[in-house]
Amino acid sequence: MLETIVNFLNALLWGKLLVYGLVGAGLYFTLRLVFIQLTHFKHSLKVMTMSRQGCESGLSSFQVFCTSMAARVGAGNMAGVAVAIGAAGPGAVFWMWLIAMLGMATAMVESTLAQVYKVRDTNGQFRGGPSYYMEKGLGQRWMGVLFAFFLIIAFGLVFNAVQANTITGAMERVFGFDPTYVGIGLVLASGFVIVGGLRKVARVSEFIVPIMALAYILIAFIIVLFNLDQLPAVISLIVKSAFGWQEAAAGGVAYTVAQAMQAGIARGLFSNEAGMGSAANVAASASPNPNHPASQGFVQMMGVFVDTIVICTATAAIILLSGDIGSSDDGIRLTINAMSNHVGDWGGAFIAIAIFLFCFTSIIANYSYAETNVMFLTGNSTKALPLFRLCVLAMVMFGAVAKISLVWNLADVSMGLMATVNIIALLLLSGLAIRVINDYCEQLKSGKMPEFDRSKFPELMEQLDDGIWQDNSANEQAKTRTESALSR
């Protein structure tokens, strides 16, 4: 019964609604911002790397990048890419690329809005995200509550079950570990980190994410170099399959294209989260550097690029260059077998360890997103957090031993509902977001250090909390560092 309902909702959400919604929103923001993901790509790198020191109220730009990457880089990049290729062919990779490029503009808008409408919680920490800009920007608390509910279900519970499921699958296949014991170990390790709150999650992510991402990309790069002669054929296969040209002779073009689009966009969104509203939660927690809401939009744009264009493509290259693209729901099997085919038996162990690190950091970062929305529902009180943490850890244990197909399908439903609510809010607030981003770009173009003046936006005067975007004293040192960095 549950599976029937889940499959119906997935068909409704991913059949047409979100395919058109995500692509349409991404294209709209790309055009309105004049292809900002291309014209300001270099600047995005600068903003991301300018500061590794936050202030008492917020995280640094680099910590925000690493925390959002911790959530993004996980099962979707390794098992998810393999599932998409196995279910819909190599053409799914093309649609993952497309949704990522368009999604960079969407991520820019949602993260800017998260910064504009952020608040301080009872501990003085910045909090924000879609729930907050729905309540403050649109004046629709019910909409924020709905989004918070979907996000808590998705990131606090279902997605963490997916990550745990992926870890136990890899550990059982490669090392023969019992999923129950792996699940217990995950619960203990996750619990140790999440009880420390957002700052501890950020510190752990800042340490693990760069190391694991660089190691994985390096291995993939070496594999591509050793198979360089096959690369043109693989790229051609991806493009031809995306539009059904590869399957035209079989008479199944429409079905194949639709399947590739659905699988690529669904798995691409699961991986990079652009438009879903999730990464905007941690973007709001940053101390902006420069002192302008749009700065964190640039950081999140870079996160989408690295996640999908770099890391997902690395996984796709490993699989497609191995020649093993048979239909399978077991993405772990495809990825592990492909790596072992390239480098020998140690490849499976490498993938298993990489999956453990990728997915473990996703669990703790997913929790941080959900924590912000629990705070929203409880009026920024921390009293409900201990009980919520127990629920999160229970879902980690459930995911470790659950049926994989049902877990992935539940993830798709919860992700689709979140994205639907968020896209509506983004379109309704797009006028303000684009003006704020253009204000940043105009100051940058004139050679100024971007500084946010909310008096330029009269509608914000009564929507923002006192002290937000007024007191810049905490950012004076960061401003001095940034001025010299931006001038280079």
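Leu-320 counts as buried, at 8% relative accessibility; buried here means under 20% relative accessible area, exposed over 50% and partly exposed in between, with a 1.4 Å probe and protein chains only. The residue has its place in helix α14, where helices (H or I, at least four residues) and strands (E, at least two) are DSSP runs numbered from the N terminus. In sequence Leu-320 and Gly-89 are 231 residues apart, yet their C-alpha atoms are 10.0 Å apart in space.

The structure is a predicted model, in which local features need pLDDT of at least 70 and side-chain atom pairs count only at pLDDT 80 or more, while totals for chains, interfaces and linings use all residues. Residues are numbered from 1 along each chain as its sequence is written, and side-chain values use heavy atoms, with hydrogens and water left out.

Helix α14 itself covers residues 294-322. Its 29 residues reach 42 Å from the first C-alpha to the last, close to the 42 Å expected at 1.5 Å a residue; the expected span is 1.5 Å times one less than the number of residues. The helix bends by about 30° at Thr-313, the bend being the angle between axes fitted to the seven residues ending at a position and the seven starting there. Because 25 of its 29 residues are buried, α14 is largely enclosed by the rest of the structure. Gly-323, with a positive phi near 85°, follows the helix.

The UniProt record, an unreviewed entry, lists several stretches under "transmembrane region", including residues 298-322 and 343-367. UniProt positions are given in the numbering used here, feature names are shortened, and annotations may be inferred rather than shown by experiment. In the model, residues 298-322 are 100% helix and 0% strand, with end C-alpha atoms 35 Å apart. For residues 343-367 the span is 92% helix and 0% strand, and the end C-alpha atoms lie 35 Å apart.

The protein as a whole contains 20 helices and two strands. Of its 488 residues, 60% count as buried. A contact means heavy atoms within 4.5 Å; among contacts between residues at least 6 apart in sequence, 82% join residues at least 24 apart.

Apart from neighbours within four places in sequence, Ala-263 is in contact with Ala-84, Ala-88, Ala-92 and Gly-268.

Aromatic side chains come next. A pair of aromatic rings is described by the distance of the centres and the angle of the planes. Rings of Phe, Tyr and Trp (its six-membered ring) pair if their centres lie within 6.5 Å; planes under 30 degrees apart count as stacked, over 60 as edge-to-face and the rest as tilted. The structure holds 16 aromatic pairs. One of them, Phe-175 with Phe-177, is stacked, at 5.4 Å centre to centre and 25° between the planes. Phe-175 is partly exposed, with a relative accessible area of 36%, and Phe-177 is likewise partly exposed at 42%. The rings of Tyr-216 and Phe-358 have centres 5.5 Å apart and planes at 90°, so this pair is edge-to-face. The pair links distant parts of the chain, 142 residues apart: Tyr-216 belongs to helix α10 (residues 197-226) and Phe-358 to helix α16 (residues 346-377). Both Tyr-216 and Phe-358 are buried. Elsewhere, ring pairs link Phe-94, Trp-95 and Phe-243 into a cluster.

Charged groups also sit over rings, a placement that requires NZ of Lys or CZ of Arg within 6 Å of the ring centre and within 35 degrees of the ring normal. Lys-118 lies over the face of Phe-126, at 3.9 Å from the ring centre, and Arg-141 lies over the face of Phe-376, at 4.5 Å.

Val-34, found in the loop between α1 (2-32) and α2 (36-39), has a positive phi of about 55° although it is not a glycine. Val-34 counts as exposed, at 57% relative accessibility. Phe-35 lies in the loop between α1 and α2, and its phi is near 55°, a positive value in a residue other than glycine. Phe-35 is partly exposed, with a relative accessible area of 40%.
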